[in-house]
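I opened this entry to get my bearings in a structure I had not seen before. My notes follow the display.

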Amino acid sequence: MTTTLPAPPRSAPAPGLGLARSLLRLHRSALWCWLLLVVALAAAMLWAYGPGYETAAADVQEQCRTDIEACHFPGGPWLSRYSATVALTTLVVSFLPLLVAAWAGAALVGRELENGTAHLAWTQSVSPARWLAAKLAVPALFVTVGAALLVPLHRLMWNGGGDLLWTDWFDAYGFRSNGPVALAYALCGLAVGVLAGLLTGRTLPALGVAVTVMFAITQLGDQYRPSMWPTVTVTGARSLSLPDQALQLDRGVITDDGLRIGNNMACSDADGSVADLRSCLAHSDLADVWATFHPRSHFWPLQLTESGIVLAVAALAATAAFVLLHRRTAAAGAAV
Amino acid sequence: MNTGQLSRAGLPFRAGLPLNTGLPWTVLRLHRAALIVWGVFLLAALGTLVWEVEITADAVRERISACAGTGGLCRLRVAIDYGGTISWVSTLVYYSFFAVAAFAAGALVGRELENGTAELAWTQSVSPTRWLAAKLAVPALLLVAGGTVFVLVFRWAWTANRDLMGDDWTFDDVFAARGPALVAYGLCGLGVGALAGVVVRRSLPAVAVACGAMYLVNHNLEVHREDLWPKVGDGVRPESHYWPMHLVETGIVLGVAVVATGVAFWALRRRTG
C-alpha cells in the first residue's frame, strides 16, 4: 500500500506540504476507506439512477398490464431492490457527518493525544497551531471533494425517481443529501470531532462525544429547518389548495373579532370553491382562514441559510479547538 | 491511570477461585466513565417516560379539549408532541445496542489488546478466558437488569395513553422495546463487539466492524420481521401475532449473541494458546 504514495522529493519540501504528506501517510487506511466508500456510494447511486430505475419501472409497468391491482400497489423484486438502494445510499450520505466526526475525534486527534505522538510532533519543529491546521485542512479537502461528487449524484438519483419514489423535497435525510448542507454538516463533523478529540484527549471517549454532539446538531437542524427562511402565508380559498409539493407548516382561522388562532382546521374541508368557503365562514363566525407553508422554490434559500448556520458552528468549533490548544501548550511551556 | 488499574487487576487474585470478587470490581472501576454515561442515559430515558405519562399527558388533554370541534388534525398535532417524545425515548434506547457494540469492541476488548494491557493482565494469574468472562459478565448483568426495567416501564408508558399516540405495535422501535428483544439486542451488541475486538485487536477498526455487523443483523431482521410468523388468511396480521413474532426475533438475536460470544472465546483461546 505504501508503494502507491509519491516518492519523497529530492529537494526539501515546503514545510506545509511535508506536514500534509505525513498526515496522509499516517491516515492512509482512512484515506483508502474514504475512497472506497465514495466509489461504492457513487456506483450504487448511478446504478439506481440508470439501470435500477429503468428495470424497476419496466417491471412495474409489466405487472400493471397483467394485474390491475399492481397498478395501484406497485411492488416486485426490482422495485424493492431499487428503493432499498435509494434508501440505503440516502441514509449513508445523510449520516456521513457522523462518520467524519467519529474518525476526526478518535483517529485524527484523540489517539495522537492519548499515545503522545502529538506531543512528540510538537517538539519536532511543527508548532501545535500548524499541526492542528494541517489536521483540519487536509481532511477538509478530501471531505469537500467527496461531497462535491456525492451530492450531485444523489440529486440525480433523487430527482430521477419520478413516480417510483415516494419522496418529498423536505424529507430530512433527502434534504441533508441534496445540496450544500451535506458538505456543511460534513465539515462541521470534522471540526466537532477535532474539538472533541482535544477536549477528551482520548480515543474512544472522543469518538462517543463527537458522534453524540454531531447527532444532536443534525437533529436540531431537522427540527428547526422550517424556521430558517421566511414562510409564506396565504388566506381565503388559496389556503385550501396550496401549491404542489408545498410543505404545510400551520393552518388556522381569523375570527370575526380579528383574533388569529393557529392549528385550527375549521372550514379547511370546504372544497376550495369561494362560495363553499364563504358559507362555512359565515356559519362558524369566522372572518377568514389561513395557511403557512414553504413552497418548493424555498429549497435553495433553505439550503443556503442552513449551510451558513452549520458552517458558522463549524467555524466556532474550529476556533475553539485552536484557542484550547494554544492555551494548553502555552501553559505547558514552549517545549510542551 | 492504567498502571493503577493493573496493579488492582493483578495483585488481589488468588488462582483457583472461579469468579473472584476482585475481577468484576476491576472491570467496573476501569470502565466507570462508561458506567456513569450508561446510568445517566437509562435514568434520563426512564424519567422522561414517567414525566410524559404523569405530567405532560394531562396538559396535552387540556390543549386537545381547546381544539373542540375543529377537526381531527388539530387533535393529532397536539398529540404528536406527546407521542413524539415517547417515540424518541424508545428509538434511542432500542438503537443503543450500537453504542454497546462500539463500547465492547473498542473500550472493553480492542483497546486492551491493542496497547498490551490485556497481555499484562494474563501474566498476572488471570487467564485469558477468565479475563474475557469477567469483561462480558459484568456488562451483561447490567444490560439485563437495566433493559428489563426499561421494558417494564416502557410497556406501562406505551399503554397509558393510547389515544394520544399515533404509533402502533408494528413500529420498529415499539416492536422491539415492548419485550425481551430489547435486552437481546443489547447482549448481541456485547457479544458481536467482543468478537470484533478479539479478532481485529485494534480499537477503532473493531468499533467500525462491530457497528457494521450489528447494522446488518438489525436491518435484515427489521426488513424480514413480517416473515417471522405466518400471516392469517390473505396476508392479515393480527396484533395477537406480536408475541410469536417478537419471541422468534429475540431467539434469533440471542442466537447471534451466543454464537458471537462463543467464537470470541474460541478465537481468544486459539490466539493465546
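**Ground rules.** I am reading a predicted model, where local features need pLDDT of at least 70, side-chain atom pairs count only at pLDDT 80 or more, and totals for chains, interfaces and linings use all residues. Residues are numbered from 1 along each chain as its sequence is written, while chains are lettered from A and ligands numbered from 1 in the order in which they are written.

**Chain B overall.** I looked up the elements and found 11 helices and 0 strands. Helices are DSSP runs of H or I with at least four residues, strands are E runs of at least two, and both are numbered from the N terminus. The C-alpha trace spans about 75 × 45 × 30 Å along its principal axes. Of the 273 residues in chain B, 38% are buried (20 or more other C-beta atoms within 10 Å of their own, with C-beta atoms placed from the backbone).

**Helix 3 of chain B.** I checked residues 32–67 next. The 36 residues should span 52 Å at 1.5 Å a residue, and the end C-alpha atoms are 49 Å apart, which agrees. The expected span is 1.5 Å times one less than the number of residues. The buried residues here are B:Ala45, B:Leu49, B:Glu52, B:Val53 and B:Val60.

**Where the chains touch.** I counted 11 residues from chain A and 12 residues from chain B in the contact (C-beta atoms, placed from the backbone, within 7 Å). On the chain A side, helix 10 gives the most, with 4 residues.

Terms used
Two residues are in contact if their C-beta atoms, placed from the backbone, lie within 7 Å. A residue is buried if 20 or more other C-beta atoms lie within 10 Å of its own, exposed if 12 or fewer, and partly exposed in between; C-beta atoms are placed from the backbone.
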